[in-house]
Amino acid sequence: MSQALDPGLPNARFPFPAYPNGWARVGLSEELAIGAVAPIRFFGRDLVLFRTATGRARVLDAHCRHLGAHLGIGGSVVGESIRCPFHAWCWDGDGFCTEIPYAKRTPPSARMGSWPVCERNGFIFLYFHGEGSAPADEVPEIAEYSDPDWSPFVRLRWKIRSRSYDMGENAVDDVHFRYLHGAASMPTTRSGDVRGSRSNLSKMKLDTPQGQVDGSIESTNVPGMGLVYVRGICDTLIVITGTPIDGDYVDQMFSYTQKIGQDPVRARLGKALLRDLEKQMNEDIVMFEHKRYFTNPLLVPEDGPIADYRRRARSQYAGDFSKLDAGTNPSGPQPVPASRPRCDAFGERDFAELASFLRSAFRARRVERSEVDDRVEFRLLDREGDVEHTLVFDRAVLDRSELADLRGYLARPMVKKRIRSAGAAPFRVANDSFA
Ligand code: FES
Ligand SMILES: [Fe+2]
């Protein structure tokens, strides 16, 4: 792939792109035998995953360049290619057409979109880059995956209505462990560079039937995976892989492995730990699916290194994050004046209604309106076109839900009299006018 790709548009809940650059799990080795073909959908695209005769996992865009059949629905592997079920055109893993069984020659432009793929630690990864760049890094081997002293992976999988950038914050959100997950104590997370990768180390008390023990959770992000080492009860590694399905959903997977041969008490505690982590994830998901991302959250120092996480995580995206600096967020809470709410909802119809009210209340021939900064000026003109009265409204006063109040105020005999006696001089209507 060399062309720029849609990074997934910002939306009202998440004002940032949906798709991070990098390796993303799109399959599991154990589920893709030689000759297997699977339709998959990630990054808002239909794709086909297949394993060739020599055992290579490959990914192509799903729809055959000929007449658009879905290669993952009825396609079959022939040698190193996949054959389309519709008219039998064959495509290799680099997207080149290798055969059209009924044609004399292959059109030179016959090419399918193909994706860089790598297979490691039992996962099949695809490389996504919003600017179409080639892979800049490799997915590392996990030593525990091939170590006979560690158990085979046990998997948990969820489809979550969220975005990876937002969910990633959870690992450094110290306080929620106590209040959402009911942990005995709040962890304290420190960010730092561990073994060349950015890492967070949380130390906490872990509850066990034997009482509390000192524990630690170390989480590191490496290409394609989040690695979480839990130590204290029973040595456990959780490999987190999450891939955007589209702008709304993420396919999230936890793959667990634990050290075998720990004493029976520790092994039992290890099982309990896994059950607890699953419970925690289910609690987190309720938050993830209904929360909204604020770019200017109100934080206190005890909240953990959330701002630091956000700065780091942004570098994974090709899209524009420049508007995500505090205070420029269209979806975050905006400052409001202390007295009356500032109103942006006062639209053209409201202005027209106010103008028509002023025209009839003051028998004006015509009403002109102009806006300067946070003031709106109405000029009431007589039949000669001369300005008879000028009313200047602070914008904060122009609130759709309080338009009736405003009209009531302007219609009070005392107020009308003052407007009349001001002549063409500005008559100001401010928040405190209503006091
Ligand atoms: S649509 Fe695939 S070969 Fe015709
Ligand atoms: Fe959590």
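**Strand pairing, cores and confidence in the predicted model**

In the hairpin formed by strand 15 and strand 16, two residues lie between the strands, and Gly 224 adopts a positive phi near 85°. The model described here is predicted. Strand 15 covers residues 211–222 and strand 16 covers residues 225–231; the two run antiparallel and are joined by seven bridges. Within this pair, Ile 217 is placed opposite Val 230 of strand 16.

Overall, the protein contains seven helices and 22 strands. Of its 435 residues, 28% count as buried. When contacts between residues at least 6 apart in sequence are taken, 56% of them join residues at least 24 apart.

The largest nonpolar core comprises 48 residues, of which Val 26, Val 48, Leu 49, Val 59, Leu 60, Phe 125 and Leu 126 touch the most other members. Strand 11, spanning residues 123–128, gives the most to this core, with six residues. At least three residues of the core come from each of domain 1 (22–128) and domain 2 (143–314). For Leu 126, leaving aside residues up to four places away in sequence, the residues touched are Ala 24, Val 26, Val 59, Trp 115, Pro 116 and Val 117.

Asp 246 lies in the loop between strand 17 (236–244) and strand 18 (250–258). Asp 246 has 14 C-beta neighbours inside 10 Å and therefore counts as partly exposed, since that class falls between the cut-offs of 12 or fewer for exposed and 20 or more for buried. In sequence, Asp 246 and Ser 162 are 84 residues apart, while their C-alpha atoms are 9.8 Å apart in space.

The mean pLDDT of the protein is 85, with 88% of residues reaching 70 or more. Residues 193–197 have pLDDT below 50, and this stretch makes seven contacts in the model beyond near neighbours in sequence. Residues 325–344 also stay under 50 in pLDDT, and the model has 32 contacts for them beyond four places in sequence. Where pLDDT is low, predicted coordinates should not be read in detail.

Note on methods: Residues numbered from 1 in each chain as written. Chains lettered and ligands numbered in written order. Predicted model: local features only at pLDDT ≥ 70, side-chain atom pairs only at ≥ 80, totals over all residues. Helix = DSSP H or I, 4+ residues; strand = E, 2+ residues; numbered from the N terminus. Contact = placed C-beta atoms within 7 Å. Pairing = 2+ DSSP bridges. Core = buried A, V, L, I, M, F, W, Y, C linked by C-beta atoms within 7 Å. Domains from an automatic or database assignment. pLDDT = per-residue confidence, 0-100.
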